[in-house]
Amino acid sequence: MKDETIGIQGLAFHEPLLFDQGSKGRTACSLPESDVPEVKPERLLPKKLLRHDIPGFPELSEVEVVRHFTRMSQWNYGVDLGFYPLGSCTMKYNPKINEDVWRLPGFSRAHPYQPESLAQGALQLMFELEQYLAEVSGMERVSLQPAAGAHGELLGMMLIRAYLESKGNPRKRVLVPDSAHGTNPASSALCGYQVIQIKSGPKGCVEPHTVAEAMDEDVAAIMVTNPNTLGLFEEHIAEIAKIVHGKGGQVYCDGANLNAIMGISRPGDTGIDVLQFNLHKTFSVPHGGGGPGAGPVGLKAHLAPFMPVPVVERKGDRFVLNHNLPSSVGKVRAFYGNFAALVRAYAYIRSLGPSGLRRVAEVAVINANYLMSQLKGHYHLPYDKFCKHECVFSDARQIPHDVHTLDIAKRLMDYGFHPPTIYFPLIVRGALMIEPTETESKETLDQFIAAMKKIAEEAEREPELVRSAPHKTKISRLDEVKAARQPNLRWKAKGPVEESAR
Amino acid sequence: MRYIPNTEADCRTMLDAIGVRSSEELFADIPSKLRLKRGLDLPPPLSESGLRRQMNALAGKDADVDRYSSFLGAGAYNHFIPAAVSHLVFRSEFYTAYTPYQPEISQGTLQAIYEYQTLICQLTGMEIANASMYDGSSALAEAVLMAHRINGRQEVLMPRAVHPEYRMVCGTYANKLGLRLLELPYTDKGTTDLKQVKAALSPRTSCVVVQSPNFFGALEMLEEIAEAAHGADALLVVAVAEPVSFGIVRSPGECGADIVVGEGQSFGNHLNFGGPYLGFFATKEAYLRSMPGRLIGQTEDKHGRTGYVLTLSTREQHIRREKATSNICTNEGLCALTATVYLSLLGRTGLRELALLNLRKTAYAKAAFSKLRGYEVRFSGSTFNEFVVRSKKRTPAQVNRALLGKRIIGGMELGRFYPELADCLLLCVTEENSREEIDALCKAMGGAR
């Protein structure tokens with residue numbers, strides 16, 4: 001690889017905080033003249049409730065605000081800039097048309113409480129999206145309410161609890177494999193369950209006998225991730241479901257990795273009772289620098305009475321919101337869900353259609369296996385078998401040179417790539433979890449492979465170069481210990497703040 | 001396939017390199033009985049232009065606040081959004097990025113959220129704020145759980161003047177952990193009854209929740225409630241669904257709140273038929289380690305250059321797993337960025353002017369309704385930009401139906417949440433409602449049959 005093809009380029013401005021620029025009285029605000037009497041606020045509100053100023057608040061013109069955020073945006077790495085192989089995060093390309101359609105006034109400028117008769121388009125979209133997601137997953141109903149994957153997990157566990165309570169006993173424990181994402185145990189705990197961790201087998205999958213040993217009538221559910229965080233399909237999922245159901249438990253599936261099996265296998269057909277979708281992964285909703293996403297929950301019919309309200313139903317040719325579900329768990333947020341995310345997922349499914357969604361899974365899996373096959377001589381591969389959407393390497397071969405996963409990740413930035421997910425799953429020491437997704441070309445994968453090989457070489461020959469990476473970014477590694485020990489979580493005025501000109 | 005670059009030929013080359021004959025071999029680990037033996041039953045793919053037509057058709061069936069004059073608020077507010085907001089937020093460096101786990105290449109998101117945390121502290125009068133939560137209602141539920149973590153107590157005093165959906169969300173979250181929500185009534189001022197608060201407080205009380213402005217638009221006497229709560233060693237949690245009020249109303253922090261949460265949608269985020277919005281969450285420094293959600297902190301690199309990182313993650317699920325302060329692993333990053341851009345544009349004087357304009361327009365509308373035959377203003381308390389109107393003759397549904405004929409979306413019919421207010425409407429007036437619109441509303445309601 002030639003040097004000019006790699007690395008961070010372009011201008012990087014220094015940009016102070018909002019609060020350290022501007023000047024008194026400056027504003028970018030353009031409000032209409034008041035067309036009602038300009039009554040003094042003292043006559044409208046009791047004096048003790050009035051506020052006169054917000055000390056330290058920004059005072060900037062429009063051009064300053066625009067430059068501020070434009071400059072800051074240039075310090076960010078997004079999917080539109082390059083390869084973003086974060087394992088289990090499915091950082092696929094976010095189609096541009098989707099960003100246009102959610103902003104149509106009938107969607108973005110519609111009020112959640114406007115009359116149903118004037119929200120038929122939005123309700124139809126939600127109704128149809130529920131059907132599409134149910135078909136893709138093999139589930140019977142879908143709640144669109146949760147705002148994120150973890151929020152979906154929480155709702156899913158609430159549904160299980162409500163169902164078991166209706167049978168007379170909510171039970172006490174939830175089984176979670178050691179390869180699970182940390183949100184799984186946290187969501188179970190929020191539902192009042194004690195978490196029992198179970199060990200994955202030597203081939204990286206959960207084994208039926210381990211489940212059978214842990215399973216008893218105090219266990220409410222098992223939470224499995226399929227395909228799992230090692231990028232492997234849980235081969236024994238049907239048998240595991242049978243064991244859990246046999247003792248009256250429920251099977252929750254973390255659907256974060258649905259991208260690998262769309263159109264090929266449906267969780268609902270494998271014995272799953274509940275699963276969450278991550279629309280910001282599988283269905284191309286952008287991640288937004290940490291949300292908003294959406295985490296709808298698919299469920300089997302026996303859990304439908306407990307769905308959060310309202311649900312969208314069809315009555316003849318009209319779509320209505322049904323708030324009347326007497327056994328409902330209630331609500332996990334106000335209104336109906338992250339609707340603008342639902343619009344994008346709907347648009348994505350309609351763009352790809354059934355054959356397209358299946359092709360997504362096939363190419364995502366081909367891309368991941370291609371990466372794995374090309375890197376396996378250079379990095380330690382703890383589970384050497386065909387993977388699904390992602391492959392997991394470790395730093396075992398680099399450790400003798402005192403080069404670790406974190407160093408490899410940071411060095412990748414110098415080559416113009418976002419690093420993979422690191423140190424997860426926890427069962428692989430020094431994990432490098434790589435998920436290319438289907439939206440990357442072979443050429444991009446080849447460039448990434450070349451960079452990874454080069455780093456493996458560097459680790460042997462010039463380990464310090466890797467250990468001190470990144471070298472071409474705006475800043476180098478940050479002192480995270482200082483950040484945690486002496487928390488500085490907000491700007492504070494250095495001296496007394498001037499009274500604003502009122 | 002426009003989003004999948006690799007052609008059949010590319011895939012062929014890759015399959016050869018992997019050493020398999022077809023992609024089928026890569027799926028061999030999925031047992032045959034678990035395979036889908038048919039194609040998915042979904043509509044056929046649409047071209048980009050076909051999709052655009054389909055989406056236009058759906059969106060065209062909905063009313064929007066450009067084509068109707070709307071007086072709906074109740075937790076979702078129609079405010080003007082300056083053009084610069086969407087231009088900046090739609091920079092794909094922001095919206096196509098992931099959670100900023102790699103600070104060296106995420107400083108844009110990180111600095112913006114640090115600024116957001118600061119703005120929220122300044123507005124709420126609190127010491128620290130997190131990077132945002134799903135929405136106002138779930139932020140309130142998390143605040144209730146946090147209060148329980150701090151003092152271990154089991155009872156939550158929950159006034160009926162709190163948004164009914166927020167109360168419902170709190171109930172859904174809290175009852176799994178054995179917390180009890182005790183309802184408190186409202187007075188003829190439309191505010192929470194202080195005497196009832198005092199009477200309900202006990203050594204079991206974990207926190208008192210108050211919304212201000214509350215669901216009826218009325219401002220609560222936070223100082224007095226704070227004093228009562230603290231007298232019983234309980235925490236005061238304040239929820240704010242209409243944060244534009246921060247421009248003119250004294251901050252909850254100044255009034256003694258321990259945790260302040262609320263809905264940040266008003267700050268530059270679209271109505272979006274209910275989401276995505278953002279929950280803001282602020283508290284005192286002393287409670288830092290009990291706080292849920294992501295936090296951004298300032299630090300420096302080895303050359304002494306200032307930078308920002310996700311910090312204090314030892315509270316969080318990926319380290320603490322089942323012992324975490326919450327299961328939340330994202331914020332509503334882009335909505336928080338939107339709020340940051342919006343607040344930067346309005347600034348110190350703009351937010352105050354905006355709040356004042358909302359206050360004056362609402363006062364104008366309220367005065368008009370107090371004189372309108374067949375109606376009365378239901379509550380006597382001070383309000384910000386919402387108020388409750390009682391219709392003496394026609395039902396709220398009849399009133400609203402008549403208004404729709406004039407392309408006016410009227411207020412929220414309160415009977416859905418409050419049987420005793422079945423003859424009442426909750427009206428909201430913002431800077432987006434001109435005097436002409438307000439006059440037209442009164443005229444249409446006065447003449448509604």
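Reply: Two strands pair if DSSP finds at least two bridges between them, strands being DSSP runs (E, at least two residues) and helices DSSP runs (H or I, at least four), numbered from the N terminus. This is a predicted model, in which local features need pLDDT of at least 70, side-chain atom pairs count only at pLDDT 80 or more, and totals for chains, interfaces and linings use all residues. Residues are numbered from 1 along each chain as its sequence is written, while chains are lettered from A and ligands numbered from 1 in the order in which they are written.

Me: How many bridges join β11(B) to β12(B)?
Reply: The two strands run antiparallel, and B:Y375 stands opposite B:S391 in β12(B). The bridges that join β11(B) to β12(B) number three.

Me: Which strands are at the edges of the open sheet in chain B?
Reply: The sheet has four strands with antiparallel pairing, in the order β11-β12-β15-β14. An edge strand pairs on one side only, which here applies to β11 (375-377) and β14 (412-413) of chain B.

Me: At about what angle to β11(B) does α11(B) run?
Reply: α11(B) lies across β11, β12 and β15 (424-428) of chain B. Axes are lines fitted to C-alpha atoms, for helices over the stretch in contact, and angles run from 0 to 180 degrees between N-to-C directions. On that basis the angle to β11(B) is about 135°.

Me: Which element gives the most to the side of domain 1 of chain B that touches domain 2 of chain B?
Reply: Chain B is assigned domain 1 (69-81 + 348-446) and domain 2 (84-342), with bounds from an automatic or database domain assignment. The contact takes 25 residues from domain 1 of chain B and 27 from domain 2 of chain B, two residues being in contact if their C-beta atoms, placed from the backbone, lie within 7 Å. On the domain 1 side, α11 (333-371) and β12 (386-391) of chain B each supply at least two residues. The most, seven residues, comes from α11(B).

Me: Which helix supplies the largest share of the side of chain A that touches chain B?
Reply: In the contact between the chains, 170 residues of chain A meet 159 residues of chain B. The largest share of the chain A side, 23 residues, comes from helix α10 (residues 339-375) of chain A.

Me: What is the average pLDDT of chain A?
Reply: pLDDT is the predictor's confidence in each residue, from 0 to 100. In chain A, 97% of the residues score at least 70, whereas over residues 1-9 of chain A the pLDDT is below 50. The average for chain A is 95.
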